[in-house]
Amino acid sequence: MKKKVSILIPCYNEEQTLPQLYAQLVQLMDSDNNHEWEIMFVNDGSNDGTLALLQQLQRQDQRVNYLDLSRNFGKENAMLAGFDHVTGDCMVIMDADLQHPPTLIPTMIEWWEQGYDDVYAKRASRGKESWLRKRLSLLFYKLLQTSSRFTMLANVGDFRLLDRCCINALKRMRESERYTKGMYCWIGFKKKEVTFEQGDRAAGQSSWTYRSLFSLALDGITSFSTLPLRISTIMGCIISVGALLYMLYIFITALLWGDPVQGFPTLAVIILFLGGIQLLSLGVIGEYIGRIYNETKNRPDYIVREHNNQRV
């Protein structure tokens, strides 16, 4: 029997890019008769014509499936919805903006058929991203690599092929605060790297602002590392030892040489410094407590409103 390949594509306001993407995917599927194909679009609360276009594609092509989420849950949860509903022996995850070239999929499938469970695409370049965004992205990957207890892949996104065993492992991880790029590394399995030149968006603008990227980076660090908490502990120890030594210094100089203790300026600087460190430490602790709070509510990670023209 032919093995089935699923292609998972999260969508958020991708009305302009979907026709071009679908045309390229049809060309790919029609040229490969050795596999069954499934395209799973996940509409993550788009407010343009994305849903209407997906409904039309599904009616005219039985290989197309789609999920319409009840609101915008974010890309991480939209991908989880796809994990739960794809039916293939393997799954290729890609963006809808054509920055991930469909022409790389046959190469991924070749490596998969040679026994690799996770064939991930590493960027040879990052397209026309701004200099600041590139530097911040590389800095984040470096920070995450040094703070995690397992190997994190640098400059690697969601564009990859996953075997069914990887899909099942990811489906078991029902975290509310998700950082899927870290989960790919955490689950292990046999991995293979392929490189590609990241293209530019075919149309429209990216929905990833600096604020949303910072939030995603914070989720990644707090999900896979306790380093911020450890840094707060180390800073507290250093400041306590420093304060003790400074107290001894003031006591000895005042007792032996009669030096007067300096007044308000020194005291004000020390109080402000310690207050800032305390607030920073409380903020770090608050980030972790907030994530614990979200996990304990045990709400569903997404809600499906419509599946293949059928209301759920």
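**Helices α3 and α6**

Tutor: The axes of α3 and helix α6 (residues 164–171) come within 9 Å and cross at roughly 125°. Axes here are lines fitted to C-alpha atoms, for helices over the stretch in contact, and angles run from 0 to 180 degrees between N-to-C directions. Helices (H or I, at least four residues) are DSSP runs, numbered from the N terminus. This is a predicted model, in which local features need pLDDT of at least 70 and side-chain atom pairs count only at pLDDT 80 or more, while totals for chains, interfaces and linings use all residues. Residues are numbered from 1 along each chain as its sequence is written, and side-chain values use heavy atoms, with hydrogens and water left out.

α3 and α6 are therefore oblique to each other (angles under 35 degrees count as roughly parallel, over 145 as roughly antiparallel, 65 to 115 as roughly perpendicular and the rest as oblique). Their crossing is left-handed, that is, the near helix is turned anticlockwise from the far one by less than a right angle.

Where they touch, Leu-80, Phe-83 and Asp-84 of α3 meet Ile-167, Leu-170 and Lys-171 of α6, contact being heavy atoms within 4.5 Å. By class, this contact of α3 with α6 has 4 nonpolar, no polar and 2 charged residues (Ala, Val, Leu, Ile, Met, Phe, Trp, Tyr, Cys and Pro count as nonpolar, Asp, Glu, Lys and Arg as charged, and the others, Gly among them, as polar).

Helix α3 itself (residues 75–85) is mostly covered, with 9 of its 11 residues buried (under 20% relative accessible area, with a 1.4 Å probe and protein chains only; exposed is over 50%, partly exposed in between). Among the buried residues of α3 are Leu-80 and Phe-83.

Definitions and conventions:
Helix = DSSP H or I, 4+ residues; strand = E, 2+ residues; numbered from the N terminus.
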